[in-house]
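Here's a quick briefing on how two chains sit against each other. Have a look at the structure first, then read on.

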Amino acid sequence: MTAGTPLVAPDARRIGPVTRTDIVRFAGAGGDFNPLHHDPDAARAAGFDDVIAMGQFQAGLLAGYLTDWVGVENLRRLEVRFRAPVRLGDVLELSATVGEAADGLTAVSLVASVGGVVVVSAEASVEAR
Amino acid sequence: MTGIPVGGVVDTVEFTVEAGKIREFARATFTEDPRHAAGELATATHSVVTGHYRDQRGFVARLGLAIERIVVGSVSWEYERPLIAGDRLVATRRVEADTVREGRTGAMRFVTLATSFTDAAGETALVQREVLIERPAS
């Protein structure tokens, strides 16, 4: 990014339908082996129909969408809030909105939604040079 | 309420940022920057890999929390620099806040854990925070 060039949000990114394999791959990458995320019996005992994705999966998807755009070295802060579970078969739509810029940092809001319902939201602070 | 006071250390892990793990984590998060696929530069949430080094049930029990009633409300990262392959890091996780708020269905406990990732030069590369919410017992 060059000085004085305002950030322009990229096109939305669509991920999914989320498969059991996607969740297991993330479990292996990150080391989260809570049975809620790979064992259907454990998920049913917790009141779900089947396994749900771990919040860090959704956080990683949003973070990757953001940094593919702004560059991971320019990210200063990222805060992710979990709004609703992500289930097998969900198609996630990731989108970004550029906010205020001040002191060399630009605010970016991000959401991941399923069928129009926000499941994860995030606020980021990006160094725009 | 808790076995670990505010400011107390929950756990400490030491690990190396590995090229293969960078690629694996990038693929698992559908991240497309070729520097991740090359195994050079870690993705923004790579610090999550510390899950491999921790005893999830153990630390939850030490905090005095009921694991079946825990949800993670939010997670945040503050970055000084990205992680690169070969980084040798020490991650120290502390209790930053521990509060109880009365909700409609009972007492909700909020525990904020902050993990500092310090590199071989003793500099902080990033700080990760997570807010654990313990729902009321039904």
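In this interface, 33 residues of chain A are in contact with 32 residues of chain B. Keep in mind that this is a predicted model. Between them, the two chains bury about 2700 Å², with 55% of that on carbon and sulfur atoms.

**Charged and polar links**
- Three salt bridges are counted between chain A and chain B.

**What chain A brings to the interface**
- Four elements of chain A each supply at least two residues to the side that touches chain B: β1 (13-15), α1 (20-30), α3 (55-70) and β2 (75-82).
- Of the chain A elements, α3(A) gives the most to that side, with nine residues.
- Sorted by residue type, the side of chain A that touches chain B splits into 14 nonpolar, 10 charged and nine polar residues.

**Strand pairing between the chains**
- β2(A) also pairs with a strand from the other chain: five bridges join it to β2 of chain B (residues 70-79).
- The two β2 strands run antiparallel.
- To get your bearings in this pairing, find A:Arg81, which stands opposite B:Ser74 in β2(B).

How values were computed:
Residues are numbered from 1 along each chain as its sequence is written. Chains are lettered from A and ligands numbered from 1 in the order in which they are written. This is a predicted model: local features need pLDDT of at least 70, side-chain atom pairs count only at pLDDT 80 or more; totals for chains, interfaces and linings use all residues. Side-chain values use heavy atoms; hydrogens and water are left out. Contact means heavy atoms within 4.5 Å. Buried area is the accessible area (1.4 Å probe) that two parts lose on being put together, summed over both. A salt bridge is a side-chain nitrogen of Lys or Arg within 4 Å of a carboxyl oxygen of Asp or Glu. Ala, Val, Leu, Ile, Met, Phe, Trp, Tyr, Cys and Pro count as nonpolar, Asp, Glu, Lys and Arg as charged, and the others, Gly among them, as polar. Two strands pair if DSSP finds at least two bridges between them.
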